[in-house]
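Reader: Hello! Could you take me on a close look at a single part of this model, the place where the two chains meet, and tell me what is found there?

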Amino acid sequence: MNLLRLKAIIRKEFYHLIRDYRSLYLAFAIPLILIILFGYALSLDVDNVGTVFVDYDKSELSRDFIRKLGASPYFHVSGLLPQTKDAIDYLDHDRAKIVIVIPPDFMKSIRADREIQMQIIIDASDPTFGNIIRGYITAFTEQYNQKLLISFLNRQGMEQIKTPVDGRIRIWFNEDLESRNFIIPGIIAIIIMIVGAMMTSLIIAREYENGTMETIKSMPVRAGELLLGKAIPYFFIGLTDVLIAILLGQLLFGIVMKGNFWLMIASASLYLSVALSLGLWISNVTKSQLMANQIAILTTYLPSFLLSNFVFPIINMPKFLQLLTLFVPARYFIDILSGIYLRNLGFAYLWPSMLVLLIMFSLLTFFNYRLLKKEGL
Amino acid sequence: MSWLRIRELVRKEFIQLFSDKRNRVMMVIFPFIQMLIFGYVVNYDISNIRVAVLDDSKTYESRKLTDSFAGSKIFHITNNVADERQLTELLLREKVDMGIKIGHDFASVIRRGDTAPIQILVDGSMSNMASMRVAYTASVLDKFNREELRELYPMNMSYGKVDARIRTWYNPNLNSQYFFVPAIVAVLVMITSFILTSIAVIREKEDGTMEQLIVTPLKSYEFIIGKTIPYIILSLGQMAAVIVIAIYWFEIPLVGSVPLLFLATCLFLLSTLGIGLFISTISATQQQAMMTSFFFILPFFMLSGFVFPIANMPVVVQWLTYLNPLRFFLVILRVIFLKGVGFDVLWPQYLVLTILGTIVFTGAISRFKKRLD
């Protein structure tokens, strides 16, 4: 390793970047756009679900039922319609997600201790949404029934009956249950992949395509120096992006890292190194920018988005995909991010994930080195 | 306009695309892999909540409570722990999603007719999953309570209650694949047409062959047509391939009309090819083009209702989604696939796609021509 030669390569790559200033802009603009989009616009939380009622009973009890449901933060009663037909129309035109039909003898049946059917229709075209709403509404009616049971027992002369069990539910790690709190840190993993792997996937292929690889080969530059020199400028861009993401998350959205900042920087650097060596490897293997580009999307961006526990829970995937996620670096980094951001975990907990990243990095670097050696560098 | 010149350019483009064997393989494998992964990844069906139980009571009652969790298909009791430290540890290490802590006086309090509190710790890090866990927990507890009351007060229990008949419309089995697989078709078409078109033009610039093309008698609009036709064909081919996978592999019923589907794709391609051309006018290198494509693809993707429901977005952003052709294409795809309704219902979507496509495409062409002339 010769520092002078290394410096020359870094300078060359740096000039490439500066002269191609649009790529550089985008390397900072894409993280910004992602953070702002995810922070402001995108949420996976389901609350205030538009609900319309058709109340055929129009009794004291039916009005109470509607009021109780509306009081829950999960539902928002957006209309009271005279006919089921009208309500279905709401559903068809996407103006409501739930239709609840209260039958005409609702109060009479309940008072007469008879079970009464209530028609509830959920728009499940988005199954994620449909599933959550079904869970909410089931929980709501069960709770409602429990109250009816208690009042029934009280009426039977058994005063002061209490519910046997009271579940005191406490939410850990993401106390206010905001999807933002886990998505924004997760974006850091995506950003690093876009900047680290996708951008670098082109930079050795470019040399081959332009024929400048021959020039480099004829120079005294060694394989290690070339790799390091190509990676270092992108390493700094990547790390700056991480800092921007951390800062914006905190300033704009109040997402505070519970764990140690330096541990975060250390693991981000490690993951960034994996991303860079992955990008360079793709570049080395394909030697064509178009190919590299396609493969980079397929092997870096999409898996970090889909197979990393970022928004799609790995535990819900079929077994073969769960196995596949073991080879996705982002999976380990998202694990670390969740540990540092939400769980306040230290190195004692996070080292296994970091170790895997380290192994990935070493392997990829070894492959890169060998490929370039074979080319005669 | 000379069709001969266009044809030759198209031929050149195809030769360039397919001369590289790896490229050929890529064109086929790329959509396949994406389709398969996407198709299986997106699954929010809750069926596997891992629960750790700390039972200090160890009584008939406490066991009945844990059994009622284990008995529901959704919860799985994976760990029985002896102390609180272990419980915390399991939650911290993401080994379980939920912890239940039953105090030592649990049974005696219930037998006394009082309310026994139990502590339920839920990992909230993925908030949407956590909300479902909370809702299901509440259901299990309510059911347990009712049974317990019935046991404590043995008497006629036919009390008036609500029997919720919940029906899930449009996707009765709540099958995630029904919703996501048709949408993947759109995303694949988008990525291909965006990136390949822009790179096809840039490559000429980078290789210096653009100068050669300019000195040929090729007119600028012929150049544009010749450059876009291969990618229209390629996108439509990919589209057909992934639709076949959707139908035969994922067994998504294609209820509606196939020609309407392809019409929508062509209209959608107007926008994406237009943007691809636009990107090629503002980029000088392939790296730039790729990054710029991503700059467009990300918001298109996120603000389309593909994964993130539009109804959840702030109103201003919801308005913004009306500018997103992918949003309308997704509606068309999902509706044609699943509901099978025709043009009479979908015409507004087609209209918007046409308008957006025409604006984007003519805008891009006029900019592109200025660059060429």
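Author: Happy to! Let us start with one residue, Asn145(A), which sits in helix H6 of chain A, residues 127-155. Please keep in mind that this is a predicted model. Asn145(A) counts as buried because its relative accessibility is 6%, and the cut-off for buried is under 20%. Leaving aside residues up to four places away in sequence, Asn145(A) touches Arg146(B), Tyr159(B), Lys161(B) and Val162(B).

Helix H6 of chain A also holds Ile150(A). With a relative accessibility of 16%, Ile150(A) is again under the 20% limit, and so it counts as buried. Ile150(A) touches Leu149(B) in the other chain, along with Ile161(A), Lys162(A) and Thr163(A), again not counting residues up to four places away in sequence. For a sense of distance, Ile150(A) and Met213(A) lie 63 residues apart in sequence, and their C-alpha atoms are 81 Å apart in space.

Now for the whole interface. In total, 114 residues of chain B are in contact with 124 residues of chain A. The size of an interface is often given as the accessible area lost when the parts come together. Here the area buried between chain B and chain A is about 11500 Å², and carbon and sulfur atoms give 66% of that. Val162(B), Gln287(B) and Met291(B) supply 7% of the area that chain B buries against chain A, more than any other three residues.

Polar links join the chains too. Between chain B and chain A there are 25 residue pairs in polar contact, both residues at pLDDT 80 or more. Several elements of chain B each supply at least two residues of the side that touches chain A, among them helix H2 (21-41), strand S5 (162-169), helix H7 (176-207) and helix H11 (286-302). H6(B) gives the most to that side, with 21 residues. By class, the side of chain B that touches chain A has 65 nonpolar, 30 polar and 19 charged residues.

As for charges, the count between chain B and chain A is three salt bridges. In one salt bridge, the side chains of Arg343(A) and Glu94(B) meet at 3.7 Å, N to O.

Strand S4 of chain A, residues 116-123, pairs with S5(B) in the parallel sense over eight bridges. Within this pairing, Ile122(A) has Thr168(B) of S5(B) as its bridge partner.

Definitions and conventions
Residues are numbered from 1 along each chain as its sequence is written. Chains are lettered from A and ligands numbered from 1 in the order in which they are written. This is a predicted model: local features need pLDDT of at least 70, side-chain atom pairs count only at pLDDT 80 or more; totals for chains, interfaces and linings use all residues. Side-chain values use heavy atoms; hydrogens and water are left out. Contact means heavy atoms within 4.5 Å. Buried area is the accessible area (1.4 Å probe) that two parts lose on being put together, summed over both. A salt bridge is a side-chain nitrogen of Lys or Arg within 4 Å of a carboxyl oxygen of Asp or Glu. A polar contact is a pair of N or O atoms within 3.5 Å; within protein, one must be able to donate a hydrogen and the other to accept it, and residues adjacent in sequence count only if both atoms are side-chain atoms. Helices (H or I, at least four residues) and strands (E, at least two) are DSSP runs, numbered from the N terminus. Ala, Val, Leu, Ile, Met, Phe, Trp, Tyr, Cys and Pro count as nonpolar, Asp, Glu, Lys and Arg as charged, and the others, Gly among them, as polar. Two strands pair if DSSP finds at least two bridges between them. Buried means under 20% relative accessible area, exposed over 50%, partly exposed in between (1.4 Å probe, protein chains only).
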